Amino acid sequence: MCLYVCSIVVSLSFPCFTLLVHILSPMNLSMRNVGIIPLVILFHGLLTLASPATFQEDFKVTWSESHLKLAEGGGAIQLTLDQNSVSYRVDHCVSLVVCSNMTGCGFGSKYKYMYGRVSMKIKLISGDSAGTVTAFYMNSDTDTIRDELDFEFLGNRTGQPYTVQTNIYAHGKGDREQRVNLWFDPSIEYHTYTILWNHHHVVFYVDGVPIREHINNETKGTPYPKSQPMGVYSTLWEASDWATRGGLEKIDWSKAPFYAYYKDFDIEGCAVPGPASCASNLTNMWEGAAYQALSPVEAKQYQWVRMNYMIYDYCTDKSRYPIPPPECQA
């Protein structure tokens, strides 16, 4: 007998809640679409009424709980960085960087995912944000053999462009940084940032525009993240030693507190624990033909970004790589 799962979509529009009930087929049991607005709760079996969903249903505070709060009438999460933000030992950090002296705050998903598409809307720190890093990333949270896909937004002095750094770790190997200056002010309004991860490639998108593609080239000896599920994390922290102009510009605590805002989370992927067959199911949406390679339009957008806004590419850094890594070679 085929069972269906009922789900409730809860829109947090204080002071009242809007409920929309719809049916999900069994094929979707392995996928989770999560967000603050809306939050999706899956009830196995018969539909039952429950308490309204909250941010805590799908995410957890991982760092400095007092510096995260609901904002904009409950429609967003505000992260705050000031000198009272907590510095945690490395075993309390969501990422495996050494953070014994790091000051900041953050949250992460309660589940890990194996392949999928993850996006969220972020409004970055306004004004003088030098020395800060606002991050959105996926991380396997394993020891030295980790996988990680990073968006890191590097703070700036007022009037200077915001730089986004992307990085990829696979099988414990990282140091694949690229940096792009954003072509808009990301502190004025929300913009959508997306990570697509499937068997074919990893793509980082800004408002639907691809700014980086990492193709699965294991046949060329390039490590590719394919064996470890990853959680979804967001953090705001101080990195005066490297974030702005290589550490020349330090954080100005007199400008604190610094605020970053997150909303409209969307995770489409194979939740772990979950059906083992999900990750290898090539009929998953993110494995479809439309997601196996950049479309002609996306390819043109990608070249436009690289020609006009890319300011650093590890592939061309001969001081670090006299011989370009295999994935950098045509």
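Me: With which side chain does the side chain of Thr163 make a polar contact?

Reply: A polar contact is a pair of N or O atoms within 3.5 Å; within protein, one must be able to donate a hydrogen and the other to accept it, and residues adjacent in sequence count only if both atoms are side-chain atoms. Here the side chain of Thr163 makes such a contact with the side chain of Asn181, at 2.7 Å. This is a predicted model, in which local features need pLDDT of at least 70 and side-chain atom pairs count only at pLDDT 80 or more, while totals for chains, interfaces and linings use all residues. Residues are numbered from 1 along each chain as its sequence is written, and side-chain values use heavy atoms, with hydrogens and water left out.

Me: Is Thr163 buried or exposed?

Reply: Buried means under 20% relative accessible area, exposed over 50%, and partly exposed in between (1.4 Å probe, protein chains only). Thr163 counts as buried because its relative accessibility is 11%.

Me: Which residues is Thr163 in contact with, leaving aside its neighbours within four places in sequence?

Reply: Contact means heavy atoms within 4.5 Å. On that basis Thr163 is in contact with Glu152, Phe153, Leu154, Arg179, Val180, Asn181 and Ile311. Ile311 is 148 residues from Thr163 along the chain, yet their C-alpha atoms are separated by 8.8 Å.

Me: How many bridges join β6 to strand β17?

Reply: Two strands pair if DSSP finds at least two bridges between them. 5 bridges join β6 to β17 (residues 258-272), and the two run antiparallel; Ile77 has Tyr262 as its bridge partner in β17. Strand β5 (residues 68-71) is also antiparallel to β6, joined by 4 bridges, with Ala71 partnered by Ala76.

Me: Which residues touch the most other members of the largest nonpolar core?

Reply: A nonpolar core is a set of buried Ala, Val, Leu, Ile, Met, Phe, Trp, Tyr and Cys residues joined through side-chain atoms within 4.5 Å. In the largest, of 56 residues, they are Phe136, Leu149, Phe151, Phe153, Tyr193 and Trp197. Strand β8 (residues 103-123) gives the most to this core, with 8 residues.
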